[in-house]
Amino acid sequence: QSAVASLLVKLPKEGTATRSAEDVANQAALLGGNVTAIAGSDEILIHIDGLSDGASRMLDLLADVSLHPKFPESELQRLKDDQLRANSISRARPQTIASEQFHRILYGDTGYGRLLPDDADVKGETVEQIRSYYQEYFVPSNAHLFIAGQFSGDLRKRIEAAFGSWKGGAAPAVPEVKASVKHTLELIDRPGAPQSTIYMGEPVIQPKAPDYAALEVTN
């Protein structure tokens with residue numbers, strides 16, 4: 001993960017141009033759900049769930065937190081502290097220690113090679129950098145909208161009203177990242193550790209291969 005992405009996903013719930021953080025939380029709760037945002041290896045996901053009869057209002061709320069985040073600077077230090085605390089807790093676990101090294105060996109100094117954001121990068125991020133990242137990557141040509149549930153009527157007009165004004169340039173280029181396939185053995189000495197963790201990996205077929213589902217089931 002990058003530090004900017006890890007902080008960016010914490011900000012949509014902190015308020016929009018027209019809604020405070022309390023408004024976002026209360027309106028989601030009134031719809032029987034909540035708003036979550038997650039930074040993954042390949043995407044940033046902003047998600048809202050709730051009762052189906054509130055689908056139109058959920059769309060409006062999702063569009064607002066996605067397209068009009070306020071990025072309040074007053075909350076940034078608190079969010080940084082939360083991320084640094086989470087990093088510290090995770091890196092005290094043998095599973096995380098092993099997994100971080102495993103990904104670093106496979107993917108090197110790339111996004112896939114960083115399981116957690118670097119502490120120094122988290123401390124150095126600014127609202128301006130986060131806003132710049134958002135403007136570059138949050139564009140309609142780089143987004144997918146998925147809706148699941150049981151609904152009455154046609155939601156298409158509500159979707160167009162909520163997201164139709166979304167403007168932006170072309171999706172940014174994504175560099176190709178290849179995993180290292182060399183044979184290697186890595187040992188991490190952790191004096192006094194109460195347990196050991198072992199990771200082993202080898203290349204397999206790609207998800208587009210016809211036998212990939214069978215491989216997943218076998219695994």
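Start by selecting Tyr-199, which is partly exposed, with a relative accessible area of 40%. Keep in mind along the way that this is a predicted model.

**Stop one: rings**

Where do Phe-102 and Tyr-199 lie? Phe-102 sits in helix H5, while Tyr-199 is in the loop between helix H8 (156-163) and H9, so the pair ties together parts that are 97 residues apart in sequence. Phe-102 is partly exposed, at a relative accessible area of 22%.

Now select Tyr-107 and Tyr-112. These form a tilted aromatic pair, with 5.4 Å between the centres and 45° between the planes. Tyr-107 is partly exposed, with a relative accessible area of 26%, and Tyr-112 is partly exposed too, at 31%.

How many aromatic pairs does a search of the whole structure find? It finds six.

**Stop two: along helix H5**

Go to helix H5, which covers residues 94-107, and select Glu-100 there. Is Glu-100 buried or exposed? Its relative accessibility is 10%, so Glu-100 counts as buried, the cut-off being under 20%.

Show what surrounds Glu-100. Leaving aside residues up to four places away in sequence, Glu-100 touches Arg-91, Gly-113, Leu-115 and Leu-116. Hold on to Arg-91, as the next stop picks it up again.

**Stop three: salt bridges**

A search of the whole structure finds nine salt bridges. Begin with the one made by the side chains of Arg-91 and Asp-119, at 3.2 Å from N to O. This pair links distant parts of the chain: Arg-91 is in the loop between H4 and H5, and Asp-119 is in helix H6 (residues 119-124), 28 residues apart. Arg-91 is partly exposed, with a relative accessible area of 27%, and Asp-119 is partly exposed, with 30%.

Zoom in on two of its members, Arg-85 and Asp-82, whose closest N and O atoms are 3.0 Å apart in their salt bridge. Where does this pair lie? Both residues are in helix H4 (residues 76-90), three residues apart, or about one turn of the helix. Arg-85 counts as partly exposed at 48% relative accessibility, and Asp-82 is partly exposed with a relative accessible area of 30%.

Next, select Asp-60 and Arg-158. They form a salt bridge, and their closest N and O atoms are 2.6 Å apart. Here again the pair links distant parts of the chain: Asp-60 belongs to helix H3 (residues 55-67) and Arg-158 to helix H8, 98 residues apart. Asp-60 counts as partly exposed at 29% relative accessibility, as does Arg-158 at 34%.

**Stop four: a loop and a distance**

Move to the loop between H5 and H6 and select Asp-118. Asp-118 counts as partly exposed, with 37% relative accessibility. What distance in space separates Asp-118 and Pro-191? They are 24 Å apart in space, and 73 residues apart in sequence.

How accessible is Leu-215, and what does it count as? With a relative accessible area of 31%, Leu-215 is partly exposed.

Notes: Residues are numbered from 1 along each chain as its sequence is written. This is a predicted model: local features need pLDDT of at least 70, side-chain atom pairs count only at pLDDT 80 or more; totals for chains, interfaces and linings use all residues. Side-chain values use heavy atoms; hydrogens and water are left out. Buried means under 20% relative accessible area, exposed over 50%, partly exposed in between (1.4 Å probe, protein chains only). Helices (H or I, at least four residues) and strands (E, at least two) are DSSP runs, numbered from the N terminus. Contact means heavy atoms within 4.5 Å. Rings of Phe, Tyr and Trp (its six-membered ring) pair if their centres lie within 6.5 Å; planes under 30 degrees apart count as stacked, over 60 as edge-to-face and the rest as tilted. A salt bridge is a side-chain nitrogen of Lys or Arg within 4 Å of a carboxyl oxygen of Asp or Glu.
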